[in-house]
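Please look through the sequence and the structure shown below before reading on. The report then takes up a few places, one after another.

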Amino acid sequence: MARKEINKSKVTWDYSPAMESSSHINLKKKYDLYIDGKWVKPSSGKYFDTINPANKEKLSEVAHANDKDVDKAVKAARKSYKGVWSKTTPAERSKYIYRIARLMQERAREFAVIETLDAGKVIRESRDVDVPLACNHFFYYAGWADKLEYAFPNRKVEPLGVAGQITPWNFPLLMAAWKIAPALAAGNTVVLKPAETTPLTALKLAEVIHDAGLPPGVVNILTGFGDTGAAIVDHDDVDKIAFTGSTGVGKIIQNAISGTDKKATLELGGKSANIILEDAPLDQAVEGIVNGIFFNQGHVCCAGSRLFVQESVAEKVIEKLKHRISSLVIGDPMDKNTDIGAINSKEQLDTIDKYIKIGLAEGATMYQPDCVLPKTGYFCKPTLFMDVAQSSRIVQEEIFGPVLTIQTFRTVDEAIQKANNTPFGLAAGIWTDKGSRIFNLASKLNAGVIWANTYNKFDPTSPFGGYKESGYGREGGLHGLSAYVKLK
Ligand code: ADP
């Protein structure tokens with residue numbers, strides 16, 4: 001699509017399209033299941049399509065694993081745990097994990113393009129955030145594999161056994177890396193299921209793991225839907241469940257494993273607050289708000305989806321924000337200029353549209369820039385909702401799209417009270433010129449991650465996870481490693 005068709009009236013100048021090429025990627029027409037170091041057909045014989053949400057074109061077909069396939073994968077993981085991986089020296093384990101990281105780096109461009117095609121996220125983000133961070137997670141945990149006694153001094157460290165891992169569609173490769181890297185470093189074996197709408201980079205990761213020469217059965221990758229995930233959760237011989245996804249499914253998993261001795265980490269939904277105090281650098285704060293909710297289409301569990309602005313600067317911030325979102329480029333995610341790509345699936349676009357209607361029915365004032373969306377594919381305009389109440393559904397419930405609610409406050413205490421008044425507690429952002437205010441707010445906000453004068457910054461050394469209905473357990477850093485070990 002020509003740039004002129006997009007944001008017609010608001011873009012101050014036109015960029016020429018700068019398309020990333022997909023000619024270098026290698027995608028098979030059909031993917032089987034990766035079990036015990038081999039590609040095997042699903043026992044049901046069933047496959048399903050994975051599409052590009054930006055143009056609805058089919059990218060490939062992937063296998064639908066059922067409980068028999070899950071059983072095969074768990075048996076392979078158990079055999080290799082007992083026979084090989086738990087006997088592999090930590091230094092050797094570390095070498096394998098480094099090798100995965102380096103092979104991923106070598107194929108970084110291919111991973112980034114496939115992620116963008118399969119997920120709809122903009123290439124700038126897949127290229128600059130998802131893939132480098134995924135590689136860094138493998139590098140980081142490779143470094144711990146032979147230093148576990150320093151990670152947990154004076155304790156005997158043992159792996160848990162077989163880890164069942166289930167990932168969502170918003171950061172497909174990165175979530176796989178968050179889960180596989182610490183599990184392997186601590187000596188566990190893995191059965192991982194990526195989300196049904198974004199299975200391709202996990203399957204490419206299986207190819208890298210294969211090329212890295214990992215012993216068969218150490219990592220098994222099964223594609224499928226919720227039933228495949230449930231079969232992993234319910235399997236008797238799985239020792240640990242690591243899940244990232246919706247709070248609804250998190251609760252199902254929590255119920256399913258209650259009464260068993262399975263360990264679990266659940267990283268669930270969020271409704272994170274971004275708080276702008278009157279002394280904040282406002283232009284930077286506006287960039288932080290945009291980065292927090294509009295980039296990656298709001299498909300971020302920790303998205304700053306509730307904005308709280310101090311009353312004295314509210315009008316100014318909202319004006320600046322409206323101006324800024326009018327210049328965002330919405331369109332083909334493969335264009336390096338695009339800021340907002342495609343919504344991941346029709347179901348997700350329907351959910352977002354449903355919430356936009358709810359917001360309007362609740363009497364909120366909506367602002368959307370006057371831009372033209374691409375004709376094919378799933379797209380949504382960046383959307384602001386003003387005049388919302390604390391009890392509004394669009395303020396309380398996770399939307400998982402480019403929709404921001406805006407509320408004002410007079411005092412810092414009021415901001416804290418409003419920010420904490422949600423069932424979730426994943427992340428928060430604070431914007432102020434004063435360090436003391438940052439410390440005060442950070443100590444009182446119920447959120448697992450708090451950013452100050454920035455938003456959505458990630459690092460493998462830093463733990464990530466939630467409070468309340470945002471789940472429990474941490475991924476990343478030493479905390480992420482401790483979720484995969486038994487300490488004696
Ligand atoms: P989202 O709303 O982010 O798509 P979901 O929680 O629906 O999140 O999905 C996250 C992951 O959980 C996906 O891989 C999905 O297939 C899987 N899943 C869905 N239902 C279940 C279930 N009952 N048990 C285990 N995994 C499930």
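## An aromatic pair and its cluster

In this predicted model, F464 has a relative accessibility of 4%, and because buried means under 20%, F464 counts as buried. Its partner in an aromatic pair is F458, which at 25% relative accessibility counts as partly exposed. The ring centres of F458 and F464 lie 5.5 Å apart and the angle between their planes is 55 degrees, an arrangement classed as tilted. Both residues also belong to one aromatic cluster, whose other members are W178, W451 and Y455.

Y140 and W144 are both buried.

Helix α4 packs with helix α6 (residues 172–185) at an angle of about 5 degrees, and the axes of the two are 9 Å apart. Because angles under 35 degrees count as roughly parallel, α4 and α6 are described in that way. On the side of α4 the contact is made by D130, V131, L133, A134, H137, F138, Y141 and A145, while α6 contributes L173, L174, A177, W178, I180, A181, P182 and A185. Sorted by class, the contact of α4 with α6 has 14 nonpolar, 1 polar and 1 charged residues. W178, listed here on the α6 side, is also a member of the aromatic cluster that includes F458 and F464.

How do the axes of helix α3 (residues 108–119) and helix α7 (residues 200–211) cross, and within what distance do they come? They come within 9 Å and cross at roughly 155 degrees, and since an angle over 145 degrees counts as roughly antiparallel, that is the description given to α3 and α7. The contact involves E110, F111, I114, E115 and D118 of α3, together with L200, T201, K204, L205 and V208 of α7. By class, this contact of α3 with α7 has 5 nonpolar, 1 polar and 4 charged residues.

## Helix α11 and its cover

Helix α11 is made of 16 residues, 311–326, and reaches 23 Å from its first C-alpha to its last, which is close to the 22 Å expected at 1.5 Å a residue. Its buried residues are V313, A314, V317, I318, L321, I325 and S326, and what covers them includes α10 (282–293), β13 (306–310), β14 (365–367), β15 (383–386) and β16.

H323 also lies in helix α11, but H323 is exposed, with a relative accessible area of 61%. Although H323 and P369 are 46 residues apart in sequence, their C-alpha atoms are 8.6 Å apart in space.

## A residue in strand β16

Strand β16, which is among the elements that cover the buried residues of α11, spans residues 403–409 and contains Q407. Is Q407 buried or exposed? At 5% relative accessibility, Q407 counts as buried. Leaving aside residues up to four places away in sequence, Q407 touches L307, F308, V309, V388, A389, Q390, V395 and K418.

Methods:
Residues are numbered from 1 along each chain as its sequence is written. This is a predicted model: local features need pLDDT of at least 70, side-chain atom pairs count only at pLDDT 80 or more; totals for chains, interfaces and linings use all residues. Side-chain values use heavy atoms; hydrogens and water are left out. Helices (H or I, at least four residues) and strands (E, at least two) are DSSP runs, numbered from the N terminus. Buried means under 20% relative accessible area, exposed over 50%, partly exposed in between (1.4 Å probe, protein chains only). Contact means heavy atoms within 4.5 Å. The expected span of a helix is 1.5 Å times one less than its number of residues. Axes are lines fitted to C-alpha atoms, for helices over the stretch in contact, and angles run from 0 to 180 degrees between N-to-C directions. Angles under 35 degrees count as roughly parallel, over 145 as roughly antiparallel, 65 to 115 as roughly perpendicular and the rest as oblique. Ala, Val, Leu, Ile, Met, Phe, Trp, Tyr, Cys and Pro count as nonpolar, Asp, Glu, Lys and Arg as charged, and the others, Gly among them, as polar. Rings of Phe, Tyr and Trp (its six-membered ring) pair if their centres lie within 6.5 Å; planes under 30 degrees apart count as stacked, over 60 as edge-to-face and the rest as tilted.
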